[in-house]
Amino acid sequence: MATNRTNPRLFEIPHAAVYTLMTLTVLASGFCFIQAGGASAPAVLLFRYGGMYTAALARHEYWRLFAYGFLHVSFIHLATNMLCLVLWGGHLERRVGPAYFVIIYFCAMVFGAIVGNATHATPYLTVGASGATSGILGALLCLWILGKLDVRFDFFAINIGLNIALAISNSRIDWGVHLGGFAAGLIVCALLDLVEKLNAHLLRCRFPEAVKVNLALLAGVAAFFVWAAWAQNLAPSLPRWIVAAGFVVACCAVIKLVDLALSIRKGLAAVIIALACANAGSVALGGRALAAMSVCVARRPGGPAPLDNLLDAFCGNPVLVTALVAIGAAALTLLLCSKEIHRGIEDVGFVGSSLRAERNRRHGL
């Protein structure tokens, strides 16, 4: 079987997922710097906006497992992590695609926070994308071990060595987050390779990256709603394992339906339109849930001006604002997937065949 080796250059130009994650991280960290009025953010501000701390998991503040990775203590801290994201992220995204890249990134971020929390015996506050970027390096090492990344071991020896040297020189670096993220990246990448090999027997078509990314985002949104219902005991009569199993089965069923749709004539266009509608529906459900939380009644003035302005607009007419944002989400989906829509509309029966050929030709990542 072919190993699908690639020979990455010393520097790979970043792609869409890297740019997106970098932009979100810079905006979130920059917002904290602006609030602090300098090139660094105090612990109080970092805690308020999502820093990971000792009792976060005990208090069920699971959102911090993601939020902490977008915040940074200082501009130097931010610049260092973004440099690692650029240097390593371009290679990984080019090899596995944006959907799997984002999955690896967030799994490393979450697992790094969990391991970091377990290794702290005293109170702490952790922020930074270092766990997620360590996961990128772990995933690259996994691809090298699997024989799917044609680089010399020097690449890893140098990068891992520099990280160890940096950690030794700075006592404030959280070793648990780094090691947890690195291990998660390696393990998740191996699991995704196994999933892709199994997909060769279960699915007909190889999904276009735009479809794969959108499905991953919708799965994340659905998981959040399921977790919210779980936390509020909206279905107390059902055991939680049944809810979790039902969610997994539903996701598998959706994936198979998309697979069948892609295999028919003009199926790619139909899938993109369905995803645009699903994105709009997700926004509508989110707006309804936000209005049901009574944020307009319970909120207190005096917060950050941009947030106050957004809440004022939403609270003034939640139905109208939600509808406009939902339409915007659908339009943005169609715009970003314009090439796929055009390809699907012009399809005379060859798109499904080409996607099936791609699935048969390439096994694993």
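Cysteine 337 is buried in this predicted model, with a relative accessible area of 8%, where buried stands for under 20% relative accessible area, exposed for over 50% and partly exposed for what lies in between (1.4 Å probe, protein chains only). Cysteine 107, in contrast, is partly exposed, at a relative accessible area of 32%. With a disulfide taken as a pair of cysteine sulfur atoms within 2.5 Å, the count comes to 0 disulfides.

Residues are numbered from 1 along each chain as its sequence is written, and side-chain values use heavy atoms, with hydrogens and water left out. Since the model is predicted, local features need pLDDT of at least 70 and side-chain atom pairs count only at pLDDT 80 or more, while totals for chains, interfaces and linings use all residues.

Of its 365 residues, 40% count as buried. Contact here means heavy atoms within 4.5 Å. Among contacts between residues at least 6 apart in sequence, 79% join residues at least 24 apart.

Helix 10 (residues 240-262), with 23 residues, reaches 33 Å from its first C-alpha to its last, close to the 33 Å expected. Val258, Asp259 and Leu262 are buried in helix 10.

Helix packing comes next. Helix 14 (residues 318-336) and helix 15 (residues 338-345) pack at an angle of about 70°, and their axes are 4 Å apart. Helix 14 is therefore roughly perpendicular to helix 15, given that 65 to 115 degrees counts as roughly perpendicular, under 35 as roughly parallel, over 145 as roughly antiparallel and the rest as oblique. The axes are lines fitted to C-alpha atoms, for helices over the stretch in contact, and angles run from 0 to 180 degrees between N-to-C directions. On the helix 14 side, Leu334, Leu335 and Leu336 meet Ser338, Glu340 and Ile341 of helix 15. The residues of this contact divide into 4 nonpolar, 1 polar and 1 charged (Ala, Val, Leu, Ile, Met, Phe, Trp, Tyr, Cys and Pro count as nonpolar, Asp, Glu, Lys and Arg as charged, and the others, Gly among them, as polar). Valine 321 is also found in helix 14 and counts as partly exposed at 24% relative accessibility. Valine 321 and alanine 284 are 37 residues apart in sequence and 9.7 Å apart in space, C-alpha to C-alpha.

Two asparagines complete the picture. Asparagine 199, in helix 8 (residues 175-202), is buried at a relative accessible area of 14%. Neighbours within four places in sequence aside, asparagine 199 is in contact with Tyr100 and Arg359. Asparagine 214 lies in helix 9 (residues 209-231) and counts as buried at 6% relative accessibility. With the neighbours within four places in sequence again left aside, asparagine 214 is in contact with Leu275, Asn279 and Thr333. The C-alpha atoms of asparagine 214 and asparagine 279 are separated by 8.4 Å, although these residues are 65 residues apart along the chain.

Methods. The expected span of a helix is 1.5 Å times one less than its number of residues.
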